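Please look at the sheet and the helix beside it before reading on. My points follow in order.

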Amino acid sequence: MSEKKPVITESSARDLSGVLRDAPPGAWVALSRDETRLLGTGDTMMVASLQAQLKGERYPVLIKMPLEGEGLAASIR
């Protein structure tokens, strides 16, 4: 049985650089469901998620930020 993989199309790909601009390197980040607002950050998923939930976002989008100098864009900064 083949596993279905998510398909990223031009309409579903988002530039989150503006939203994540102030996110600390290495932190967990909680975004609004529509990915337009940064609602929480923390050393753990739970801390970031709780901050977002306290701001009214029941199901935040959680992202782990890369450490400084790591990640796909590290060499072009």
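**Notes on the fold**

1. The model is predicted. Its three strands make an open sheet, ordered β2-β1-β3, with antiparallel pairing. β2 (38-42) and β3 (61-64) are the edge strands, and each pairs on one side only. On average, neighbouring strands of the sheet are turned by 20 degrees against each other, direction ignored.

2. Take the pairing of β1 with β3 next. Strand β1 covers residues 28-31 and runs antiparallel to β3, joined to it by four bridges. For Val-29, the bridge partner in β3 is Ile-63.

3. What packs on the sheet? Helix α2, residues 45-54, does so, and it touches β1, β2 and β3. The direction of α2 makes about 150 degrees with that of β2.

4. Look at Ser-49 within this helix. Ser-49 sits in α2. Is Ser-49 buried or exposed? Its relative accessibility is 12%. The cut-off for buried is under 20%, so Ser-49 counts as buried. Apart from neighbours within four places in sequence, Ser-49 is in contact with Ala-30, Pro-60 and Leu-62.

5. A word on confidence. The protein chain has a mean pLDDT of 85, and 77% of its residues reach 70 or more. Among the elements, α2 has the highest mean pLDDT, 98. The lowest, 93, belongs to helix α1 (residues 17-20). Where pLDDT is low, predicted coordinates should not be read in detail.

Notes
Residues numbered from 1 in each chain as written. Predicted model: local features only at pLDDT ≥ 70, side-chain atom pairs only at ≥ 80, totals over all residues. Heavy atoms only, no water. Pairing = 2+ DSSP bridges. Helix = DSSP H or I, 4+ residues; strand = E, 2+ residues; numbered from the N terminus. Axes fitted to C-alpha atoms, helices over the stretch in contact; angles between N-to-C directions. Contact = heavy atoms within 4.5 Å. Buried < 20%, exposed > 50% of the residue type's maximum accessible area, 1.4 Å probe, protein only. pLDDT = per-residue confidence, 0-100.
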